[in-house]
Amino acid sequence: MATKGTRQFMRNWYAIEAIPLYAVIGLAVGGATWYLSRLARGPTVVWTKNNPTPWNDVKPDENTKLMDVQGRFSKSWTRDRL
């Protein structure tokens with residue numbers, strides 16, 4: 001006992017022309033979800049709150065860079081993770 005409006009809606013919703021649109025939107029949402037999850041698992045993201053100010057723990061003779069050009073630091077600083 002579908003009304004005319006319901007029939008028209010279903011006809012447009014399942015139209016053959018709309019299938020590529022649904023595929024593109026699904027691919028975009030899936031890609032965005034994958035990319036955000038990849039960013040959230042990166043090495044610079046820390047999900048713990050045990051040390052909210054890690055920059056206060058860096059000593060004057062510790063290197064925080066990935067590469068030290070001059071090589072004058074004897075030890076490197078690391079941030080505690082899970």
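User: Where does Val 29 sit in this predicted model?

Analyst: Val 29 belongs to helix 2.

User: Why is Val 29 called exposed?

Analyst: Its relative accessible area is 51%. Exposed means over 50%, so with 51% Val 29 gets that label.

User: What makes Val 29 part of a nonpolar patch on the surface?

Analyst: Val is on the list of nonpolar side chains, and patch residues need over 30% relative accessible area. Val 29 has 51%, so it clears that cut-off. Its patch also takes in Phe 9, Met 10, Trp 13, Tyr 14, Ile 16, Ile 19, Leu 21, Tyr 22 and Ile 25. Together, the patch residues have about 1100 Å² of accessible area.

User: Which elements give two or more residues to the nonpolar patch?

Analyst: Those are helix 1 (4–13) and helix 2 (19–40). Helix 2 supplies the largest share, 5 residues.

User: What does UniProt place at residues 12–36?

Analyst: The unreviewed UniProt entry puts a "transmembrane region" there. Bear in mind that such annotations may be inferred rather than shown by experiment. In the model, that stretch is 80% helix and 0% strand, with its end C-alpha atoms 33 Å apart.

User: How many helices and strands are there in the protein, and in what order do they run?

Analyst: You get 2 helices and 2 strands, arranged α-α-β-β from the N terminus on.

User: How much of the protein counts as buried?

Analyst: Buried means under 20% relative accessible area, and 9% of the 82 residues count as such. The protein exposes about 7800 Å², with carbon and sulfur atoms supplying 63% of that.

User: Which element has the highest mean pLDDT, and which the lowest?

Analyst: Helix 2 has the highest, 93, while strand 2 (residues 75–76) has the lowest, 64. The protein averages 76, and 71% of the residues score at least 70. Where pLDDT is low, the predicted coordinates should not be read in detail.

Key: Residues numbered from 1 in each chain as written. Heavy atoms only, no water. Helix = DSSP H or I, 4+ residues; strand = E, 2+ residues; numbered from the N terminus. Patch = residues over 30% accessible without salt bridge, like charges linked within 9 Å, V, L, I, M, F, W, Y side chains within 5 Å. Areas by Shrake-Rupley, 256 points an atom, 1.4 Å probe, with all protein chains shown as cover. Salt bridge = Lys/Arg side-chain N within 4 Å of Asp/Glu carboxyl O. Buried < 20%, exposed > 50% of the residue type's maximum accessible area, 1.4 Å probe, protein only. pLDDT = per-residue confidence, 0-100.
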